[in-house]
Amino acid sequence: MTVLAISGLVHETVTFLPEETNLAAFEHRASRGDEIATTFVGSNTVYGGFLSVCQDNNVTVEGLICAECAPSGPVSKAAFQALSDELVSRATLWRDEADGLLLHLHGAMVARGDNDPELTLLLRLREVLGPDYPIAVAMDLHGNVSAEKALLADIVCGFRRSPHTDMAETGARAASLLLAKMTGKIKPVTAVARPGLVLPSIFTATDVSPLREIMAEVREAAKQPGILDVTLFMGFAYADVPEIGATVLAIADGDEALAIRTAERISARLVEEREALYNAAPLFDPDTALDKAAELLAQGVRPIVLLEHADRGNDSTHLLQTMLDRGVPRTAVPYLHDPIAAMAAGSSGLGGQLMTTLGGKSSEMAGFPVLFTGFIKYTGELRYSITGPYRTGETNDLGLSAVIDNGKIAVIVTSHSMTAVDTDPFTQCGLDINEFDIIVLRSKTHFRAAYEPIAGAILIVDTPDWGPADLIGLPYRNVPPGIFPITMGPPDDGIIDGLDDV
Ligand SMILES: [Zn+2]
């Protein structure tokens, strides 16, 4: 009987945010031991994918620790130490019972004092488990994946869709390939090519050209005879690290040259398209977006999704302030992170009237807290199983939350930071989505799975927060030369900077 250990440590780190991410943020969504299988079985998550392959192949699962939190500032030294110590010690404890390890990492985690803590973790795991211990890693499409990091695992697979509706599928790809390697059916060889570019997350939507066509090529390349898997990681622009940028990773069955050719070919395509990739959609400021929305609404186009995508703390107020100043038609603002406002609303109680400040607390770039007066239309502990296409079946826990409604704008304030990406916020808080002309979201790409089918139009509002579309103005200090568009050096042709036969 084969036994596989399952574990994960997942965080997309915005290094520019001033506040550190502490252990409590991870513990809020951590599970251990048998709890991992009960939490994730059947869900559209990486762990859900790991578990389904194990079940289909009669593999016994040993849960170690799975910890994750929403994108936020650098992981504190203490939090990374505690979580990685626990993961490594649990892996060590199960080393002799488990035949291999299925691991979920993001690819863009940064800890205070460590630019690549995932590399540190993999090095520690290799130290205790040995160089031949089977390890597969499933990562996020937004990972900054250096060859050094990727080549520490036998198998690395990443999401190919953003919105990441293929999380379970990716976990399943990684688990299936690891099992095939363990039984000697395949001899995976991995090649890594890095095109020397990074895009703002807003332009990493995989159904927007030209990335849509490049991703189609990636999927085609993965079907070539002799190729086992291909991933295009788009990188994460808001982690200021030397490893920043896109990565193409190709796994071939024993054929190194084929893996290299495949990775190089797709990397060269990215270089070719880099200008177009960086200008994939029009951008609006709050005023021009509201003008455009008014124009579209007058033509009967509704609802209009306004995307305040640069918000990395789920509490930007640039757009909300402009809407209050100008006046707007019926507007919903789901999931604005503000625990103090949520608590005040809870104290006022259902039907009560509240004057409070909202948002603008995550950093000086999030805008000022705005003064807002409205009636409490909902208050309570908001915890539910996600029904949208992204992370389906996973539990969302927003903590004490409230709807504060001034008759024009209804804001859902939450105690835990979470980006609204589907229509659950409306149904959970007793709001009718059809009532709203404008919906303000803060998602980058994930909202598209639920909102593209129902939105009359999507307007990208580029406000001056820590996740802007224009990367040039951000205070990068660690990006090496040659990363388009940040350091603007001459592009590579897709140079192979790592190759191994692990
Ligand atoms: Zn992602």
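This section describes selected helices, helix pairs and backbone features of a predicted model. Local features were required to have pLDDT of at least 70 and side-chain atom pairs pLDDT 80 or more, whereas totals for chains, interfaces and linings use all residues. Residues are numbered from 1 along each chain as its sequence is written. Helices (H or I, at least four residues) and strands (E, at least two) are DSSP runs, numbered from the N terminus.

Helix α11 covers residues 286-298. The expected span of a helix is taken as 1.5 Å times one less than its number of residues. For the 13 residues of α11 this gives 18 Å, and the end C-alpha atoms are 18 Å apart, which agrees. Pro286, Ala289, Leu290 and Ala293 of α11 are buried. A residue is buried if 20 or more other C-beta atoms lie within 10 Å of its own, exposed if 12 or fewer, and partly exposed in between, with C-beta atoms placed from the backbone. Viewed down the axis of α11, the buried residues fall within an arc of 95°, so they line one face of the helix. The arc is that of the directions from the helix axis to the C-beta atoms. An α-helix has 3.6 residues a turn, so residues three or four places apart point the same way. The face of α11 turned away from the buried side carries the exposed residues Glu295 and Ala298.

The buried residues of α11 pack against strands β10 (283-284), β11 (304-307), β17 (438-441) and β18 (457-461), and against helix α12 (318-326). Contact between two residues requires C-beta atoms, placed from the backbone, within 7 Å. Gly300 follows α11 and has a positive phi, near 85°. In the loop between α11 and β11 lies Pro303. The peptide bond from Arg302 to Pro303 is cis, with omega near -10°.

Two helix pairs were examined. Axes are lines fitted to C-alpha atoms, for helices over the stretch in contact, and angles run from 0 to 180 degrees between N-to-C directions. Angles under 35 degrees count as roughly parallel, over 145 as roughly antiparallel, 65 to 115 as roughly perpendicular and the rest as oblique. The axes of α3 (residues 46-56) and α7 (residues 167-182) come within 6 Å and cross at roughly 45°. These two helices, α3 and α7, are therefore oblique to each other. Residues making the contact include Gly48, Gly49 and Ser52 of α3 and Ala168, Gly171 and Ala172 of α7. The axes of α8 (residues 211-222) and α9 (residues 256-272) come within 11 Å and cross at roughly 175°. Helices α8 and α9 are therefore roughly antiparallel. Their contact is made by Ile214, Glu217, Val218 and Ala221 of α8 with Thr262, Ile266, Arg269 and Leu270 of α9.

Most residues other than glycine have a negative phi, and most peptide bonds are trans. A cis bond joins Ser162 and Pro163, with omega about 10°. Pro163 sits in the loop between β6 (155-158) and α7. Asn58, not a glycine, has a positive phi of about 55°. Asn58 lies in the loop between α3 and β3 (60-68) and is exposed, with 8 other C-beta atoms within 10 Å. Arg391 is not a glycine either, and has a positive phi of about 60°. Arg391 lies in the loop between β14 (370-385) and β15 (395-405). Arg391 is buried, with 22 other C-beta atoms within 10 Å.
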